[in-house]
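Please open the model in your viewer and keep the selection tool at hand. The stops below proceed one selection at a time.

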Amino acid sequence: VQLQASGGGLVQAGGSLRLSCAASGVPSSTYAVGWFRQAPGKEHEFVASIRQSDVSTYYSDSVKGRFTISRDNANEMVYLQMNSLKPEDTAVYYCAADRFGSGPFKRWIYRGQGTLVTVSS
């Protein structure tokens, strides 16, 4: 299994970015793929997740209404569309996959490298 996040960069507050996660080899369509982020000096924070089989989506309260997670099963891709970005969204964003799709980042069985998102004020 390989998870590779990309699409990060520098954006002004109020702007948008779309992150991509290439999620190749995830064992089952029932697995969830999620996004986490880690700001400097802080723990990993859950952002959003999507279950491959039934398109159920979940969001943290801090991003609900601004971020949208989606997936393209045929191409093994998961996306995170981030709108109305705020400086507090600045973090390294990681994608991960797991059969249960819950719990802290370190408990997700497959975890990829991150991509840095910086939101300037």
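**Stop one: a loop residue**

Begin with E76, which is partly exposed because its relative accessibility is 38%. The model is predicted. E76 belongs to the loop that links β7 (67-72) with β8 (77-82). Its phi is near 55 degrees, a positive value in a residue that is not glycine. For context, most residues other than glycine have a negative phi.

**Stop two: the strands on either side of that loop**

Select β7 and β8 next; they run antiparallel and are joined by six bridges. Within this pair, I69 has L80 of β8 as its bridge partner.

Now widen the selection to the open sheet of four strands, whose order is β1-β3-β8-β7 with antiparallel pairing. Which strands stand at the edges? They are β1 (2-6) and β7; each has a single partner strand, so one side of each lacks a neighbour in the sheet. From one strand to the next, the twist averages 15 degrees.

**Stop three: the nonpolar cores**

Colour the largest nonpolar core, a set of 27 residues. The residues with the most contacts inside this core are W35, V47, F67, L80, M82 and Y93. Two or more residues come from each of β1, β3 (17-24), β4 (32-38), β5 (44-51), β7, β8, β9 (91-98) and β11 (115-120).

Centre the view on V47. Leaving aside neighbours within four places in sequence, V47 is in contact with W35, F36, R37, Y58, Y59, S60, V63, F67, L80 and Y93.

Another core, of six residues, lies apart from the largest one; among its members are Y94, A96, F105 and W108.

Move to R66, in the loop between β6 (57-59) and β7. Is R66 buried or exposed? At 12% relative accessibility, R66 counts as buried.

Display the side chain of R66 and follow its two polar partners. One is the backbone oxygen of S84, reached at 2.9 Å. The other is D89, whose side chain forms a polar contact of 2.7 Å with that of R66. Not counting residues up to four places away in sequence, R66 touches Q81, M82, N83, S84, L85, K86 and D89.

**Stop five: S84**

Finish at S84, which lies in the loop between β8 and β9. S84 is not glycine, and its phi is positive, near 50 degrees. With a relative accessibility of 39%, S84 counts as partly exposed, while its backbone oxygen is the atom that the side chain of R66 reaches.

Terms used
Residues are numbered from 1 along each chain as its sequence is written. This is a predicted model: local features need pLDDT of at least 70, side-chain atom pairs count only at pLDDT 80 or more; totals for chains, interfaces and linings use all residues. Side-chain values use heavy atoms; hydrogens and water are left out. Buried means under 20% relative accessible area, exposed over 50%, partly exposed in between (1.4 Å probe, protein chains only). Two strands pair if DSSP finds at least two bridges between them. Axes are lines fitted to C-alpha atoms, for helices over the stretch in contact, and angles run from 0 to 180 degrees between N-to-C directions. A nonpolar core is a set of buried Ala, Val, Leu, Ile, Met, Phe, Trp, Tyr and Cys residues joined through side-chain atoms within 4.5 Å. Contact means heavy atoms within 4.5 Å. A polar contact is a pair of N or O atoms within 3.5 Å; within protein, one must be able to donate a hydrogen and the other to accept it, and residues adjacent in sequence count only if both atoms are side-chain atoms.
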